[in-house]
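Please look over the sequence and the three-dimensional model shown below, and then follow the paragraphs from one side-chain contact to the next.

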Amino acid sequence: MRRRIITVYVTLLVAACLGLAAPLCVSIAARGTSDMFLDRLNDTARFASIAEPAVLDGTGGMLEAEMAAYDRLYGITAVVVDRHGRVVAASRPGLELSDLDPSADPGEPPEEVRNALAGNRMGAGGIVYPWQRGPLIVAEPVGRSGEVVGAAVTASPTRSLRRATRNQWVLAAGGVAVLMAAGIAAAGPLTRWILRPIDDLGEATRAVAGGSLGIRVRTAAGPVELRRLGESFNRMADTITAMLETQRVFVAYAGHQVRNPLAALRLRVDSLSRHLVPQGRQDHRLALDEVDRLTRVCDSLLTLARTEDAEHTEVWEEVGQVVEDRLRSWEPIAERVGAVLARQGGEGVRVRCVEGTLDQALDALIDNALKFGGEGVRITVRVEEVPPGPGRPGHVDVHVLDDGPGLPAEQLAQATRPFWKDGGVGGSGLGLSIVVTLLELQGASLTLTPARPRGIDARIRLVTGSGRAPAGGPVRT
């Protein structure tokens, strides 16, 4: 078992380090390329702004002198072409478009030039990696009265950029290697520390199986998770009530164990996208949606299990920040189904609630709106703060509105019941009932009403008094 733990640990460590190094190296190369691109884009745009006379009248002597000085100073070649791709001004005598990038097709102008002559402003292109040899070409259209009459083009050598990127990669690889070596060196002591309580637990289990019910597991040493497992074992042996509690913990633990393979499965399925042919992309998206749905069902079951706890932590939460975070998390799914997410209000509004309640409530409501709102649905999360008045406390209303087909009023009244479903629609029927359970833990409520002119208005009402955290009080944002 020790060998298996070390093998799994080292494998995960190496995978994590490589997973950290790869995007870091890409980010370093992308940042260097972006800096050079923006610098050259400004210079090229300046040439384009003064190139109109050279393109229209052929009076490019002054422009050519400035371009030649720029070439001598920075070693960056520059040309101005007319709408047909003919060079009308250049930083060097006899310079042609094909001379800018020798590796390109000599019979065809560079793609950047074609885009500029088509009237398209250039955006950040590809990333320059150390093994590439071509120049960085930037092109800007030359226009007159909204018509493209030519283009200004610069071609920058990338040797210094590639050298700087390579040096930074070496430093990053050294840091990752040090981190990996330190993790591998800690594998042996860490494994022994982890397995010590397991040996004690094994002996106690064999004793109890043999009829020695007075045997208990020592819980003074070992990782927190294994100490808790030993305490659960002791409580199970004490009373029937402890046995039921242990069963509940086991269900929650099993749920968490299911989430980890689901997360790993989603990463692996997602990584297959670059290997797919176009005909398989639809099935790939459907597979990702199914994994996401299974993860949400697992989260729902774990949430219901957690609501049976006797104690709940309350914190002050920044409502606007929570709304912003949840909308940002749902943006990729919304883009996939063509939905629009929007936010209104919420700046500076704080509310005291059970930790995580507002996050999970918003997730369930946004999920339902995306699922049942139809293609192109618009979902707006609006925050309204109502100050206290005579005979009533202050509260904060968080509305999740959609412009989908909606439901009749009688069905909206039933939608918060466990396992209720709109006929023929998939899902577990647990989402809204879980939201109601979580909100009731703190005296809050969920109300579903028809929206105008169509859709559903899901209102979360959190009683908050003034809606402001006390001075110096902790705030979760």
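Ala-29 counts as buried because its relative accessibility is 0%, where buried means under 20% relative accessible area, exposed over 50%, and partly exposed in between (1.4 Å probe, protein chains only). This residue, Ala-29, lies in helix H1, and helices (H or I, at least four residues) and strands (E, at least two) are DSSP runs numbered from the N terminus. Although Ala-29 and Trp-169 are 140 residues apart in sequence, they are 8.7 Å apart in space, C-alpha to C-alpha.

The model is a predicted one, in which local features need pLDDT of at least 70 and side-chain atom pairs count only at pLDDT 80 or more, while totals for chains, interfaces and linings use all residues. Residues are numbered from 1 along each chain as its sequence is written, and side-chain values use heavy atoms, with hydrogens and water left out.

A search of the whole structure finds 5 aromatic pairs, a pair being two rings of Phe, Tyr or Trp (its six-membered ring) whose centres lie within 6.5 Å, with planes under 30 degrees apart counted as stacked, over 60 as edge-to-face and the rest as tilted. One of them joins Phe-47 and Tyr-70, which form an edge-to-face pair because their ring centres are 5.2 Å apart and their planes stand at 85°. Since Phe-47 lies in helix H1 (residues 2-49) and Tyr-70 in helix H3 (residues 61-74), the pair ties together parts that are 23 residues apart in sequence. Both Phe-47 and Tyr-70 are buried. Tyr-70 also pairs with Tyr-74 in a tilted arrangement, 5.2 Å centre to centre and with 55° between the planes, and these two residues, 4 apart in helix H3, are separated by about one helical turn. Tyr-70 has a relative accessible area of 10% and is buried, whereas Tyr-74, at 53%, is exposed.

Charged contacts come next. The structure holds 14 salt bridges, each defined as a side-chain nitrogen of Lys or Arg within 4 Å of a carboxyl oxygen of Asp or Glu. Arg-40 forms one of these with Asp-39, the closest N and O atoms being 2.3 Å apart; Arg-40 counts as buried at 14% relative accessibility, and Asp-39 as partly exposed at 40%. In another, the side chains of Glu-147 and Arg-83 meet at 3.2 Å, N to O. Because Glu-147 lies in strand S4 (residues 147-156) and Arg-83 in the loop between strand S1 (77-82) and strand S2 (87-90), this pair ties together parts that are 64 residues apart in sequence.

A further salt bridge joins the side chains of Glu-318 and Arg-350 (3.0 Å, N to O). Glu-318 lies in strand S5 (residues 314-318) and Arg-350 in strand S7 (residues 350-354), so the pair ties together parts that are 32 residues apart in sequence. Here Glu-318 counts as buried at 14% relative accessibility, while Arg-350, with a relative accessible area of 30%, is partly exposed. Elsewhere, Glu-324, Asp-325, Arg-328, Arg-343 and Glu-347 are linked in a network of salt bridges.

Most peptide bonds are trans. The bond from Arg-452 to Pro-453, however, is cis, with omega near 0°, and Pro-453 lies in the loop between strand S10 (445-450) and strand S11 (456-463).
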